[in-house]
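Please read these points with the model open beside you.

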Amino acid sequence: MGKGNIFNMKKPHLYNILIPSIVVSAVLIFISWYSIGVIEKNSAKEIADTRINQIISKLDKTTVEFNDLKQQIADEYESKAKTFSVILYQTPRALSEDMAIEELRLAIGADVISVTDEYGNITFSTADDENNNINNEFEDGLDKKSYAKTIIELDDNGTYIFKSAVSRRDSDGLILFTFIDSSLNDILSYSSIASVTTNYPLLQSGITAIVDINSTNFISHTTQALVNTQCPVPVERFDKETGNISYRIYGHSSLIRYRVYNDKVILGILPKTEVFKLRNTTTKWLILACIIINVSVLLSIRQYTIIRKEN
């Protein structure tokens, strides 16, 4: 009877030591998991912000270069239009000779040439389906003697069209030109923002991208094949000027750092497995270490209890 009471007294002593050890281990694991996670998340955000800033700087530079290139092309076409006006003034019969006007058109590289009277009505055109009315932006040049203006339009296929208008020298009115050059459009496309993020990957498997807020499509992406595809993240989630959200994208739970820039959203997308790689590895080893320690404590206490019981 007395021995049974002694054994029952020793049994709670085992749990009184083991339970605090387990609690301390759990607290240690949680603190480690949380603190390392915070550090890694902040580090990932800083890296993403750096990339986003680089993309914005590149975007600004590319936009300036892109506009300069378009203006250079427009100036070149406008110069050709002025030259044509002089030639037409010197050879007025060209308008009545289809072969002559066609040779001149090919010489300056124009796709369409049209001539208007003083009222803006098109009296001659190399295109059969040419509209009888001129572009509204050219109407202010009908009564001017030295007028030259070029506008740039973008058609539904993303092709840039340069339209120039210069004053006629033989009478009032304008000579209108339409220039479409596929090689120049290739240059313009190369200079566009579609390729901005290609050279800005994020860590090992991260992604940088630019989303157009209006169309919700990627207009630039680290993976070029995804340009012009729809962004899987609803744009409503980007409700602040800058921030970060968690979202499952491309099959991975990801940390998305974003910044709204004009009518675009610059994204830095990082899989959480990469963001929290150190935290996850450390936590696994710490759990294993705590299990070994607590098992060792358990075995030591049991051995101690057995020895005390035998004595």
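1. Two strands pair if DSSP finds at least two bridges between them. Helices (H or I, at least four residues) and strands (E, at least two) are DSSP runs, numbered from the N terminus. With those terms, I152 stands opposite F162 in β4. Strands β3 and β4 run antiparallel and are joined by 7 bridges.

2. A word on the source. This is a predicted model, where local features need pLDDT of at least 70, side-chain atom pairs count only at pLDDT 80 or more, and totals for chains, interfaces and linings use all residues. Residues are numbered from 1 along each chain as its sequence is written, and side-chain values use heavy atoms, with hydrogens and water left out.

3. Confidence comes next. pLDDT is the predictor's confidence in each residue, from 0 to 100. The chain has a mean pLDDT of 81, and 84% of its residues reach 70 or more. Over residues 1-12 the pLDDT is below 50. Beyond near neighbours in sequence, that stretch has 3 contacts in the model; contact means heavy atoms within 4.5 Å.

4. Overall content: 5 helices and 10 strands. Of the 311 residues of the chain, 39% count as buried. Buried means under 20% relative accessible area, exposed over 50%, partly exposed in between (1.4 Å probe, protein chains only).

5. β3 and β4 belong to an open sheet of 5 strands, in the order β2-β1-β5-β4-β3, with antiparallel pairing. Its edge strands are β2 (122-125) and β3 (148-154), and each pairs on one side only. From one strand to the next, the twist averages 20 degrees. Axes here are lines fitted to C-alpha atoms, for helices over the stretch in contact; angles run from 0 to 180 degrees between N-to-C directions.

6. Another open sheet of 5 strands has the order β7-β6-β10-β9-β8, with antiparallel pairing. Here β7 (218-221) and β8 (242-249) are the edge strands. The twist averages 25 degrees from one strand to the next. β6 (residues 207-212) and β7 pair over 3 bridges. In that pairing, I210 stands opposite S220 in β7.

7. Now the cores. A nonpolar core is a set of buried Ala, Val, Leu, Ile, Met, Phe, Trp, Tyr and Cys residues joined through side-chain atoms within 4.5 Å. The largest has 21 residues, and those with the most contacts inside it include F84, F162, F177 and F179. Elements giving two or more residues to this core are α1 (2-90), α2 (98-108), β1 (112-116), β4 and β5 (174-179). α1 gives the most, with 8 residues. A second, separate core of 15 residues includes V233, V235, V265 and I269.

8. Is S164 buried or exposed? S164 counts as buried because its relative accessibility is 0%. It sits in strand β4 (residues 160-167). Its side chain makes a polar contact with the side chain of T150 (2.8 Å). A polar contact is a pair of N or O atoms within 3.5 Å; within protein, one must be able to donate a hydrogen and the other to accept it, and residues adjacent in sequence count only if both atoms are side-chain atoms.

9. T216 lies in the loop between β6 and β7. At 17% relative accessibility, T216 counts as buried. Not counting residues up to four places away in sequence, T216 touches V211, Q230, C231 and V235.
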